[in-house]
Amino acid sequence: MSRWYQAFVTWVRGRSRRERIGLAAAPVVLVVAVVGVLLAGGGGDAGRWLAGSPTDTQSDEAVETGGGENPDTAPESEPRTGPTGVVPPYVHSFAEQPGTKPRAPEASPTAGVDVAEGTDGCDHAYGDRNVCVPWEFPAGVGDRCGWLRERGFEPLKITGGRDRHGLDRNGDGTACGSGD
């Protein structure tokens with residue numbers, strides 16, 4: 001063996017099993033990528049039929065008849081191409097659904113959706129509807145109003161008709177207000 005090859009083999013043997021598998025997989029991935037590009041039309045004329053673009057050369061039939069076909073007289077079975085050579089999209093036959101009628105739109109629901117209290121983790125009986133007083137305070141919180149003030153809550157009007165957390169101690173309709 002030559003020296004560079006021995007050095008390479010020694011280097012590979014020093015790698016972990018996972019690294020050796022990765023080193024072996026790299027050439028395989030490269031070959032698969034090159035074949036994919038060739039089939040998709042990236043390798044000259046080979047594989048251009050997969051990309052849907054017309055070929056640059058005339059067909060054998062057109063050469064025998066003495067020229068290319070006039071697009072206005074092309075048979076209807078062949079797809080026509082636009083000025084850019086792009087084939088129009090193909091509409092599958094199952095999409096046409098012969099003999100069926102479109103469904104009529106259904107009426108929009110008029111009733112609201114009932115969502116159980118506390119589902120979102122908020123007790124909305126305090127403040128506006130966009131205020132979220134926790135449904136359950138964290139364990140170890142003794143002064144709930146102090147905990148709310150530390151997080152930027154102002155005194156909250158009780159809007160839900162109930163004071164589940166007992167934040168309105170003086171009964172004035174404002175939770176964590178003056179006198180509570």
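Me: What counts as a strand here, and where is H165 placed?
Reply: Strands are DSSP runs (E) of at least two residues, numbered from the N terminus. The model is predicted. Strand 3 covers 156-157 and strand 4 covers 174-175. H165 sits in the loop between strand 3 and strand 4.

Me: Is H165 buried or exposed?
Reply: Buried means under 20% relative accessible area. H165 has 11% relative accessibility, so H165 counts as buried.

Me: Which residue has its backbone oxygen 3.0 Å from a polar atom of the H165 side chain?
Reply: Leave aside neighbours within four places in sequence. H165 is then in contact with several residues, including D123, Y126, W135 and R144. P134 is also one of these contacts. The backbone oxygen at 3.0 Å belongs to P134.

Me: Where is R15 found, and is R15 buried, partly exposed or exposed?
Reply: R15 lies in the loop between helix 1 (3-13) and helix 2 (17-40).

Me: Which element gives the largest share of the nonpolar patch?
Reply: The surface patch is formed by W4, Y5, F8, W11 and L23. Together they have about 580 Å² of accessible area. The largest share, 4 residues, comes from helix 1.

Me: Is W4 buried or exposed?
Reply: W4 is found in helix 1. Exposed means over 50% relative accessible area. W4 has 64%, so W4 is exposed.

Conventions:
Residues numbered from 1 in each chain as written. Predicted model: local features only at pLDDT ≥ 70, side-chain atom pairs only at ≥ 80, totals over all residues. Heavy atoms only, no water. Buried < 20%, exposed > 50% of the residue type's maximum accessible area, 1.4 Å probe, protein only. Polar contact = N/O pair within 3.5 Å; in protein donor to acceptor, adjacent residues only side chain to side chain. Contact = heavy atoms within 4.5 Å. Patch = residues over 30% accessible without salt bridge, like charges linked within 9 Å, V, L, I, M, F, W, Y side chains within 5 Å. Areas by Shrake-Rupley, 256 points an atom, 1.4 Å probe, with all protein chains shown as cover. Salt bridge = Lys/Arg side-chain N within 4 Å of Asp/Glu carboxyl O.
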